[in-house]
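Hi,

Here is the model I promised to pass on to you. Please load it first, and then read my notes below.

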Amino acid sequence: MTTILVADDDANIRELVCLFLRKEGFATVEADDGKEALSIYHSTPVDLVVLDIMMPTMDGWTLCKELRRANAEIPLLMLTARGETWEKVKGFELGTDDYLTKPFDPLELTVRVKALLKRYRIGYSQTIKLGAITLDRQTYKIMTGTDTITLPLKEFELLYKLAETPGQVYTREQLIDQIWGIDYAGDNRTIDVHIKRLRERFAMIADFHIETIRGLGYRLEVDE
């Protein structure tokens, strides 16, 4: 079961937050200050932390920094009455993933929690298998049997994008926007160059091929 740590010195807020989270099927653990929250985090498996800023002993700023130091990936959601822009900026700079100000709608809180968990889990499952080949976006490496292949970053991203949805046609413009960014000012024929290199690299070892769809773009097909 997914466990969420709720750190807030207001017992009523903790009770409200935990009530709605448990209704959604989450397990919850509570802390009334940052120091206790950090101790719980180090002793209890936690999947996400909801934390207040103004807490005794250790405030939310420090807690956020310590949690991020301990785990660069755990989702953090700041829930606080302090909603000034500079405070939000500081929160994001320290590593929070989302920011919700009090008073808040508990339904919005649960939606945000679910979105963060989804994003987090996607981050931990970024591997794609193409036959005997595995693409790992965490390491940007490709494994085939006992061998490891390292590609230039843009080539890897291009192959990964095509491999996410085999059979789907992507135009050059779509691939440029999603991999190079919408501000890319170069020639979109750079896609053709990268496709050619990928075909050459995997011609003899791949269980897939990249097709040119005349007048449209490219798609990846997995070989039977």
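Which residue lies over the face of F20? That is K23, at 5.2 Å from the ring centre; a charge sits over a ring if NZ of Lys or CZ of Arg is within 6 Å of the ring centre and within 35 degrees of the ring normal.

Before the rest, a word on the basis. This is a predicted model, in which local features need pLDDT of at least 70, side-chain atom pairs count only at pLDDT 80 or more, and totals for chains, interfaces and linings use all residues. Residues are numbered from 1 along each chain as its sequence is written, and side-chain values use heavy atoms, with hydrogens and water left out.

Now to the rings. A pair of aromatic rings is described by the distance of the centres and the angle of the planes. There are four aromatic pairs in the structure (rings of Phe, Tyr and Trp, the last by its six-membered ring, pair if their centres lie within 6.5 Å; planes under 30 degrees apart count as stacked, over 60 as edge-to-face and the rest as tilted). One of them joins F92 and Y99 in a tilted arrangement, with 6.4 Å centre to centre and 45° between the planes. F92 is partly exposed, at a relative accessible area of 43%, while Y99 is buried because its relative accessibility is 7% (buried means under 20% relative accessible area, exposed over 50%, partly exposed in between, with a 1.4 Å probe and protein chains only). F156 and Y160 make a stacked pair, 5.9 Å centre to centre with 25° between the planes. Both of these residues are buried. They sit four residues apart, about one turn, in helix α6 (residues 153–164); helices (H or I, at least four residues) and strands (E, at least two) are DSSP runs, numbered from the N terminus.

On the α6 side, K154, E155, L158, L159 and L162 meet I191, H194, I195, R197, L198, R201 and F202 of α8, where contact means heavy atoms within 4.5 Å. By class, this contact has seven nonpolar, one polar and four charged residues (Ala, Val, Leu, Ile, Met, Phe, Trp, Tyr, Cys and Pro count as nonpolar, Asp, Glu, Lys and Arg as charged, and the others, Gly among them, as polar).

- D8 is in the loop between β1 (3–7) and α1 (11–23) and is buried, at 2% relative accessibility. Not counting residues up to four places away in sequence, D8 touches residues including R14, D32, D52 and K102.
- T127 belongs to strand β6 (residues 127–130) and is partly exposed at 45%. Neighbours within four places aside, T127 contacts T134, L135, D136 and Y160.
- D97 lies in the loop between α4 (85–94) and β5 (98–101) and is partly exposed at 29%. Leaving aside neighbours within four places in sequence, contacts of D97 include R68, F92 and R119.

Best wishes
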